[in-house]
Amino acid sequence: MTGADQAYCVYRGEGDRWWPRLRIVFAKLLGIALILSVSTSNVSADKEAGITTSHGYAVFGKLKYGRDWTHFDYTNPNAPKGGTYRYAMFGSYDSMNYFAVLGSAPFLLTFIYDSLMQRALDEPASYYGLVAESISYPKDFAWAEFRMRPQARFQDGKPIRPEDVIFTVEAFRGLVAPAYRRIAQSIAKVEKTGPHSVRVTFVMKDNPTMPSIVAQMPILPAHFYKGKDFAKPTLEPPLASGAYKVGKFAAGRWIALDRVKDYWAKDLPINKGRYNFDVIRHDYYRDAAMINNVFLNGQSDV
């Protein structure tokens, strides 16, 4: 009997016992192959859909800083902290509601609110995550989805949630300053897509500036404004989430911001080397000559 005949006899004689096992193994391998093919097709579908997910967003061109960046090139991460910065302002103020049409609020309040992303000062139009750790968007820029950092907090310790982003957009549809109303007018829909994610659908497509408009929108605490008239002027210090909070002030005369020592985002790359003064103070004057004299007398730093 030749070797081929022996192999044939082994196949015919032993096959009745091991063939069923071989079929089971073959079936399992086929199942794995199908799973892999489905997974591969999902990845391809995402690529075909043109969904981009990144730690930053460039309106045009490419981001300067990669995912592993540590700080902006124009900041000193080891800068000392302390001291007071004093600035002479022209005019006055009668409200702490920075967003309402009625009343006049201090410009200094822009420093107390965190946004989903912040702009880099050494790039034409690039934004990096602050409250949002990443942004996703399609080729046609019809929407933008932000994944928010779980550790993001307001200054009272409560987390910044997708609901707060939704509240902010809806609040900006009311009687607010035109700059903020335009943000709401550019948004068709805003919805929560997960415990820490929110998707904003825009009223127009193929406009790469749309994501940046929402990215730098200040986020307001829904729980703080519950039961309050958002459009009403008030001297009640607002609750925010930024590196500074309202300290002492004399309405219409001066206002000071105190640095938040336990600021939740102080160690993020976007904030390294920034917000170094312990106190930022603006004094208000109604005479330009007086402002010059205040500076010459050393009572104003700029």
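**View 1. Lining of the largest pocket in this predicted model, by residue class.** The lining has 21 nonpolar, eight polar and four charged residues. Ala, Val, Leu, Ile, Met, Phe, Trp, Tyr, Cys and Pro count as nonpolar; Asp, Glu, Lys and Arg count as charged; the others, Gly among them, count as polar. In total, 33 residues line the pocket. Thr110, Phe111, Gln118, Arg274 and Tyr275 lie nearest its centre. Strand E4 (117-119), helix H3 and strand E12 (279-285) each give two or more residues to this lining. H3 gives the most, with four. The pocket volume is about 910 Å³. A pocket is an open set of points on a 1 Å grid over the protein atoms alone, where a 1.4 Å probe fits, with protein on both sides within 12 Å along at least five of seven lines; lining residues have an atom within 4 Å of a point. Points are joined across faces, edges and corners, and the volume is the space filled by probe spheres set on them.

View 2. Buried means under 20% relative accessible area, exposed over 50%, partly exposed in between (1.4 Å probe, protein chains only). Helices (H or I, at least four residues) and strands (E, at least two) are DSSP runs, numbered from the N terminus.

**View 3. Ser136 in strand E6 (residues 132-137).** Ser136 counts as buried because its relative accessibility is 15%. Its side chain makes a polar contact of 2.7 Å with that of Thr53. A polar contact is a pair of N or O atoms within 3.5 Å; within protein, one must be able to donate a hydrogen and the other to accept it, and residues adjacent in sequence count only if both atoms are side-chain atoms. Beyond four places in sequence, Ser136 is in contact (heavy atoms within 4.5 Å) with residues including Ile51, Trp143 and Glu145.

**View 4. Asp94 in the loop between strand E3 (84-90) and E4.** Asp94 is partly exposed, at 47% relative accessibility. A polar atom of its side chain lies 2.7 Å from the backbone nitrogen of Ser104.

**Notes.** Residues are numbered from 1 along each chain as its sequence is written, and side-chain values use heavy atoms, with hydrogens and water left out. In this predicted model, local features need pLDDT of at least 70 and side-chain atom pairs count only at pLDDT 80 or more, while totals for chains, interfaces and linings use all residues.
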